[in-house]
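Please find below a colleague's note on the structure under review. The remarks are set out as numbered points.

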Amino acid sequence: MIETTPFETRLWLSSPTMHGDEQQYVKKAFDTNWVSTVGENLEQLEEAVCRQVGCRYAVALASGTAALHLAVKLAGIKPKDKVFCSDLTFAATVNPVMYEKGEPVFIDSEYDTWNMDPKALKQAFLQYPDTKAVIVANLYGTPAKLTKIRELCDQHHAILIEDAAESLGAVYCGRQTGTYGTYNIISFNGNKIVTCSSGGMLLTNEEEAAGRVRKWSTQSRENAPWYQHEETGYNYRMSNIVAGIGRGQMQHLKEHIERKEEIYFRYKKGLEGLPITMNPYPQETAKPNFWLSCMLIDSSAMCRQVRSDTEALYVKESGKSCPTEILETLAKYNAEGRPIWKPMHLQPTYHHNLFITAKKEYKNIMKKDICLGIQKNNSDKISDVSSDLFARGLCLPSDIKMTKQQQETVIQIVRGCFEK
Ligand SMILES: *Cc1c(COP(=O)(O)O)cnc(C)c1O
């Protein structure tokens, strides 16, 4: 145990950071009675995002999930249509496919970026060449290999939807994430790099698509003197109050990314010498927004750990550790970490869905065993990539309000787990 007392106020994984500008835009909306789903804040926020990302159209919506839902509708997904989806992601990437009664097919991750493996995607297209759409997420702010993924989609006439919810401001091959898909989404949820308290956006260069999303999101009203409807509508538009918060936050995006980057490199340096690596990114092509700093424990330094659907146990071993030990220890000191997002193909709700990996060894193991957590975490040979990342990885406190001193303490807590 290291000699330190718990943090007086909780250290968060990633919580909202307000600056004051936000309130001024909200106040103006109040003072002028523009508190509904139209107004200057909405227009200005959409414009600010277009400028930041470099897209033609942005439609502000109630959430990133709502944006994904409408993106899935734009892609024309009908009942039973397969959609290739990132396996290692937050469930919101995938759930909108279910809203349209489509069939998510999960694509394994790669070690280079932790995102969708282009090799596995290629294999998926060989097996199911008629697949109409792909949804790729940029996990923890690190871009996927978007050029390659886009190329595969184009070859197979599939529509790419980019889930840039976690990666606003990240760059891949000189272009912002959120521009590689035909339809793209970002999120302004409270934990994201900038927030509106909640909210999201659909981004596209297609004028017609942007128009359809605007219409769908405001109950699909036709141009008529009465409520006239030719399509099912949704109440998905963002409010002008919420947009005011985002308008203020966008002015601090660059600063938030800089702070997140400092946090990432402070961990990287502070944890040097331990049998761990940080969440990787290809330095020649990618500039992440460093939304969350994560670490992956070397297979050889993993103590035994088992997880059921809701609980985890581990056996302490000298010089070794595991995500469960580190997370429990951080919690004791009043700091919030989190396991790597649990892969979709391991989720009970998606048990019956297809999962495609490029790892050859996978063919010899039974999916059932993986789902029960019976696979040996210590051997990456017998596990698919995303299960392996889930077994060995964790997200560290990455809140930009964390002081250098506090982060040093977190580093010492993590180091302590590998001692003895
Ligand atoms: C947060 C998140 C979403 C959903 O965004 P909301 O605004 O919370 O609906 C979608 N995908 C990923 C990868 C996310 O992290």
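1. Confidence. The model is predicted, and the protein chain has a mean pLDDT of 94. A pLDDT of 70 or more is reached by 94% of its residues. The exception to note is the stretch of residues 368-381, where the pLDDT is below 50.

2. Aromatic pairs. The structure contains twelve aromatic pairs. One of these joins Tyr 172 and Tyr 180 in an edge-to-face arrangement, with 6.0 Å centre to centre and 70 degrees between the planes. Tyr 172 counts as buried because its relative accessibility is 7%, under the 20% limit. Tyr 180 is likewise assigned as buried, its relative accessible area being 4%.

3. A stacked pair. Tyr 234 and Tyr 236 also form an aromatic pair, and this one is stacked. The ring centres are 5.1 Å apart, and the angle between the planes is 25 degrees. Are these two residues buried or exposed? Tyr 234 is buried, at 16% relative accessible area. Tyr 236 has a relative accessible area of 19% and is therefore buried too, given that the cut-off is under 20%.

4. Ring cluster. Trp 114, Tyr 140, Trp 291 and Trp 341 belong to a cluster that is linked by ring pairs.

5. Charges over rings. Which residue places its charged end over the ring of Tyr 180? That residue is Arg 175, at 4.0 Å from the ring centre.

6. A polar side-chain atom of Thr 65 is 2.5 Å from an oxygen atom of the ligand. A polar backbone atom of Gly 64 lies 2.7 Å from a ligand oxygen atom. On the nitrogen side, an N or O atom in the side chain of Asp 163 is 2.7 Å from a nitrogen atom of the ligand. The ligand taken alone exposes 380 Å², of which the protein buries 92%.

Technical notes:
Residues are numbered from 1 along each chain as its sequence is written. This is a predicted model: local features need pLDDT of at least 70, side-chain atom pairs count only at pLDDT 80 or more; totals for chains, interfaces and linings use all residues. Side-chain values use heavy atoms; hydrogens and water are left out. pLDDT is the predictor's confidence in each residue, from 0 to 100. Contact means heavy atoms within 4.5 Å. Rings of Phe, Tyr and Trp (its six-membered ring) pair if their centres lie within 6.5 Å; planes under 30 degrees apart count as stacked, over 60 as edge-to-face and the rest as tilted. Buried means under 20% relative accessible area, exposed over 50%, partly exposed in between (1.4 Å probe, protein chains only). A charge sits over a ring if NZ of Lys or CZ of Arg is within 6 Å of the ring centre and within 35 degrees of the ring normal. A polar contact is a pair of N or O atoms within 3.5 Å; within protein, one must be able to donate a hydrogen and the other to accept it, and residues adjacent in sequence count only if both atoms are side-chain atoms. Accessible areas come from the Shrake-Rupley method with a 1.4 Å probe; for residues, only the protein chains shown count as cover.
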